[in-house]
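Thank you all for coming; I would like to walk through one part of a model with you. Please have the sequence and the structure open while I speak.

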Amino acid sequence: MADNKAALKTFREEVSAWMAENVPADPGFLLPLTFLEVGTEQQLDFLREWQYKLWSAGYLGMHWPTEYGGQGADPAYQYVVDKELSRHNAPIIFNTIGLNWVGPLLLDMGTDEEKAKYIKHILSGEEIWCQGFSEPDHGSDLGAVQTRAVKDGDAYVVNGSKIWTTLGNYADHMILLARTDPTAERKYDGLSFFLSPMKVAGIEAHPIRKVTGEYGFNQTFFTDARIPASCLMGEEGGGWRVAMKTLEYERGVTAGQASGHWGVTIQIDDMINDLRGLEQDGEALLSDPIVRDDLVGFMMEAKALSLSARRMAVPALNTDYPMGLALSVKYRGTEYERRMKQYTASKQGARSALYVGDEDAVRGGFWQRAYFSNFGATIGGGTTQVQANIIAEHVLGLPK
Amino acid sequence: MFSYPQNLAISLTEEQGMLLDVARGFVRDQAPIEVVRAQLETETGYESGIWQSMVEMGWTGLSLPDAVGGAGMGVGSAVPVFEALGGGLLGTPLLSTTVAGQLIWRAAGEQAAEWLGRLCEGQIGTVAFLDNSDWGVPNTGVALDASGALKGRKHFVADAGVADFFVVVANDNGSPVLALVERSALAADAVSVNVLIDLTKRAANVDFTGATPAHVVRGEAVTSALRDTLLLAALLTAAETTGAAGRCLSSIIEYLNTRKQFGKLIGSYQALKHPTVDIYVGMENARSFVYHGATIVADETLSTDAEVACRMAKVAADSVMVYAGDRAVQFHGGFGFTWECDSTLFIRRAQWAQQMFGDAIHHRKRLAALLLDAAAGA
């Protein structure tokens with residue numbers, strides 16, 4: 001244990017030195033705050049090159065098997081790297097759907113062939129992944145998806161439409177949940193899961209502009225698109241189970257993600273440092289008793305979240321509701337961040353009204369943009385309200 | 001640059017884990033809710049057999065050192081016990097006795113070994129702190145006069161009706177002192193019982209005028225002992241409150257899973273389901289703070305991290321308990337409004353606990369100073 005600690009410390013120093021040398025400087029154009037907002041070729045090329053560099057140095061997917069491009073190390077090493085990425089204000093590691101959802105899913109449930117075919121390119125950033133779960137009429141109610149996949153010889157013919165396809169316009173592959181049997185008695189049993197190619201005739205991704213003014217989402221249309229039958233992951237009709245497993249990785253309920261650095265880290269320290277310079281009624285904002293009390297509330301929330309992350313590793317302190325802390329991470333964390341960012345964006349006097357692009361905006365409009373961007377977290381991957389239902393039903397045992 | 005000082009230590013020692021299991025088992029077996037209810041309107045508020053068992057298990061000396069007859073397990077070891085007692089809404093003088101022990105030990109050490117030994121053996125001690133109702137002032141209004149007797153009243157003295165002795169926070173020519181007063185030294189009409197909102201607890205106003213202390217603890221250690229003891233008392237109350245919030249949550253879940261309206265279990269309505277989730281999340285937050293506190297408090301003078309932990313634990317526990325108690329009454333509908341429903345016990349506990357050893361505003365003001373001002377130049 002002591003050896004391990006010493007080894008990690010040495011490793012941290014090594015990583016830190018590497019980052020001081022290699023983290024790219026500000027490119028002079030706006031970089032996305034999260035992987036959900038990669039909207040231009042310029043951003044994509046920049047982030048792709050950065051991910052390749054990090055992986056080549058051996059600092060991405062460190063705990064994944066070496067045969068698939070990982071380092072076969074203890075997860076603690078990747079955690080150190082992620083911490084250092086955040087500390088060095090490094091650009092995000094953008095291929096998140098591949099790195100954090102598809103990769104762990106394949107390592108968990110995939111065949112050897114699937115692992116060999118996909119995982120290394122996820123890590124190197126050479127192949128980008130997107131996710132085809134939500135549909136225009138079925139977001140939170142995922143079991144009701146209508147996109148059809150019909151077997152035809154050695155292919156499935158896909159028709160329908162998926163929405164909120166992050167990175168869809170750049171992606172090489174999609175994890176696709178489609179209905180192969182519309183007559184199944186339980187709607188879930190009619191679903192199948194595909195590792196679908198994106199660059200085939202009949203699949204088109206149309207970018208969608210967001211509340212932040214940026215792009216990153218798409219609506220993806222399938223029109224008689226023929227995808228190889230070999231893309232089916234698991235059994236036909238067994239897609240729901242695979243999709244649910246994917247959501248565990250997406251929501252952070254199950255560990256195994258290649259990197260936690262999928263978004264710019266925004267800490268409570270940033271909030272307080274930025275507010276400290278501001279004034280109200282001719283006095284420092286931070287001398288106002290109401291603001292001080294609000295900040296104590298935010299600091300307590302931040303600390304409670306960090307403490308629960310630690311507490312998860314102490315089973316004796318989680319006997320009442322064993323899965324409770326893990327299943328409420330998203331519910332708590334994303335809502336805290338939304339409120340924290342909104343608060344900071346609204347305590348800047350008249351400058352609260354400025355947005356990215358105005359030279360007088362506090363920190364270039366960072367907080368305003370971050371607040372809007374955060375809805376990606378409170379809506380995507382199951383809305384806060386659906387998360388509340390999940391906690392109520394699966395943790396507390398309340399009826400559906 | 002501001003950097004939020006975050007000590008995130010949280011663990012459970014083998015001893016703490018054992019105490020949690022034992023204490024939970026004890027509450028489950030010895031103190032079901034009927035036993036608690038049977039004491040609501042009695043004079044002492046607890047069953048002597050239950051108290052005797054707690055003494056025999058060594059709980060009154062858990063946090064006191066071996067040298068004075070305690071178990072030497074440190075003050076953090078009391079946290080799981082109080083969490084379990086809170087889960088049973090079990091009112092006993094254990095909190096009073098533990099707090100009195102900490103105050104005497106921190107101010108006088110082994111010089112007060114005899115008094116501490118009495119606590120370990122099961123005598124009841126209690127701290128007489130409040131001059132009126134403000135936890136945020138020194139509360140040293142009671143004075144020692146030239147003849148060596150005390151002059152003045154203390155308010156809200158927990159378990160005053162059953163205490164064998166009192167630790168009176170007083171002043172001697174302006175310096176804070178602890179006056180240890182035997183029950184036998186009180187005047188016949190000194191104790192006037194409070195009508196408390198929480199019927200599982202007992203307190204009284206005590207007039208110490210004319211009482212001569214058997215021992216007076218003086219010196220600089222008194223001030224830091226008072227500061228630390230109030231913080232530890234806040235932490236232990238938070239542990240007890242968190243346990244109560246957990247029990248309150250279970251009672252809500254049970255009712256939502258059995259009561260039907262409009263042909264459906266009421267737990268299927270999101271208007272009831274989602275606030276219940278928020279009670280759960282609040283309870284888990286409080287529990288994290290409480291065990292973080294239990295991990296970092298020490299027998300020595302409390303660090304700033306420990307001070308932050310105790311204050312946050314109290315704020316978090318109060319806030320979830322007030323919410324849980326309030327929603328418990330509401331969610332039980334007409335039944336919730338009746339004496340018969342246990343929700344009435346929870347809402348009363350919530351109102352009692354939130355003021356004890358400083359309410360949320362008291363602690364949040366001090367947290368703001370600790371976190372925003374102290375770190376300003378860092």
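Predicted model: local features only at pLDDT ≥ 70, side-chain atom pairs only at ≥ 80, totals over all residues.

Residues are numbered from 1 along each chain as its sequence is written, and chains are lettered from A and ligands numbered from 1 in the order in which they are written.

W115(B) sits in helix α6 of chain B, residues 113-120; helices here are DSSP runs of H or I with at least four residues, strands are runs of E with at least two, and both are numbered from the N terminus. Is W115(B) buried or exposed? W115(B) is buried, because 22 other C-beta atoms lie within 10 Å, where buried means 20 or more such atoms within 10 Å of the residue's own, with C-beta atoms placed from the backbone.

Leaving aside residues up to four places away in sequence, W115(B) touches I104(B) and L180(B), contact meaning that the C-beta atoms, placed from the backbone, lie within 7 Å.

Turning to strand β6 of chain B, residues 175-182, six of its eight residues are buried. Strand β5(B), residues 165-172, pairs with β6(B) in the antiparallel sense over eight bridges, pairing requiring at least two DSSP bridges between the strands, and F166(B) stands opposite V181(B). Two residues lie between these strands in the hairpin, where N173(B) takes a positive phi near 55°.

Strand β9(B), residues 215-217, also runs antiparallel to β6(B), joined by three bridges, with V217(B) as the bridge partner of L178(B).

How values were computed:
Buried ≥ 20, exposed ≤ 12 C-beta atoms within 10 Å, placed from the backbone. Contact = placed C-beta atoms within 7 Å.
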